Amino acid sequence: MRGEPNIALLYPGDRAARDRNDPAESRFAALFAAFTAAGVPTEPVIYNDDCADEVASQLRGVQAVLVWCNPIEGGRRRDRLDALLRDAAESGVLVSAHPDAILKLGTKDVLVEVRDLPFGSDALRVDSLAQLAIELPQRLQRGARVLKQYRGQSGNGVWRVESVEGSPLMKVRHAQRDAEEGQLSMAELLRTLAPYFEPENGGHMVDQAWQPRLVDGMVRAYLVGDRVAGFGHQAVNALYPASGDQPAPAPGPRLYYPAEHPPFQALRMQLESGWIELLRTRVGLAREQLPLLWDCDFMSGERPGSFVLCEINVSSVSPFPPSAIQPVVAALKARLGL
């Protein structure tokens, strides 16, 4: 033990925010307050690459750090932060989510890993533009596909592709907010997707079958370790289809609910009674390596009552329902033996 228990919450910000060092102005004010009420001193660690050495020094004085930082933050990848966090973990700091756990859960590759599990779907890895050009037309004959970059957030690098009957063109729509559907030739599509196949961007994409029941909305299950701590539901989301000649509607808000919310109890039971165990075993994580806070996005499957995994978020799970706060505090105290 490192004397008085001390927890750090790490999140991105600029030098001015780091100098102010004020938990009240962060997204995590309620979580700071909950740790304080539980008798666990907690400090903010505001990160950017320009102050990485300061952050490394700060983390040497804590027992645990909870991390919120997107794969690309402020135009920068989090490679330097991940190296810093690995060093902290090797020195005995509990890091959640650990960069290795993120690589196993928080990239689109997980969709390929779990494709034969009860919540899996038709998903495969595409390793080159040449492979995409050969195989995609064959798969489009069975229906629309969703091409996803290896790692990203906020819909960046997620593309819905569908054949146009009687034409060599394809209907293509990016999942980023305000993106509009267009029609591209295969050559144009390959030029558009080429950056995702560069080594620094993962060098590949994941191709997943389109789920027609996306119109039923997306359910996000918030998890603390291997327990459900709350839900979010977004009725209209990034790739919600257009109707007739009308443009696709703008994404709606995500509404938050406690873990006991009745409409989602079937999903909760499946997660807690087997799916989380299947998932962590498949990707090779011990139970104690599961993040203290993570979430899984599910679409409705074609069979009534079935669910299909869309993605897992581990790097920066925020906002989250208030019902997750006390479970996070209790889980961290348990892992530290407090």
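This is a predicted model: local features need pLDDT of at least 70, side-chain atom pairs count only at pLDDT 80 or more; totals for chains, interfaces and linings use all residues.
Biologist: Let's start with helices α2 and α10. Why is α2 called oblique to α10?

Modeller: Their axes cross at roughly 45°. Roughly parallel would need an angle under 35 degrees, and roughly perpendicular runs from 65 to 115, so α2 counts as oblique to α10. The axes of α2 (residues 29–37) and α10 (residues 325–336) come within 10 Å, and the crossing is right-handed.

Biologist: Which residues make the contact?

Modeller: From α2 you have Ala30, Leu31, Ala34 and Phe35, and from α10 Ile325, Gln326, Val328, Val329 and Leu332. Sorted by type, that's eight nonpolar, one polar and no charged.

Biologist: On to the rings. What makes phenylalanine 28 and tryptophan 68 an aromatic pair that is tilted?

Modeller: The ring centres sit 4.3 Å apart, and the cut-off for a pair is within 6.5 Å. The planes are 35° apart; stacked means under 30 degrees and edge-to-face over 60, so this pair is tilted. The model has eight aromatic pairs by this rule.

Biologist: Why does the pair tie together parts that are 40 residues apart in sequence?

Modeller: Because phenylalanine 28 is in the loop between α1 and α2, while tryptophan 68 is in the loop between β3 and β4.

Key
Residues are numbered from 1 along each chain as its sequence is written. Side-chain values use heavy atoms; hydrogens and water are left out. Axes are lines fitted to C-alpha atoms, for helices over the stretch in contact, and angles run from 0 to 180 degrees between N-to-C directions. Helices (H or I, at least four residues) and strands (E, at least two) are DSSP runs, numbered from the N terminus. Angles under 35 degrees count as roughly parallel, over 145 as roughly antiparallel, 65 to 115 as roughly perpendicular and the rest as oblique. A crossing is left-handed if the near helix is turned anticlockwise from the far one by less than a right angle, and right-handed if clockwise. Contact means heavy atoms within 4.5 Å. Ala, Val, Leu, Ile, Met, Phe, Trp, Tyr, Cys and Pro count as nonpolar, Asp, Glu, Lys and Arg as charged, and the others, Gly among them, as polar. Rings of Phe, Tyr and Trp (its six-membered ring) pair if their centres lie within 6.5 Å; planes under 30 degrees apart count as stacked, over 60 as edge-to-face and the rest as tilted.
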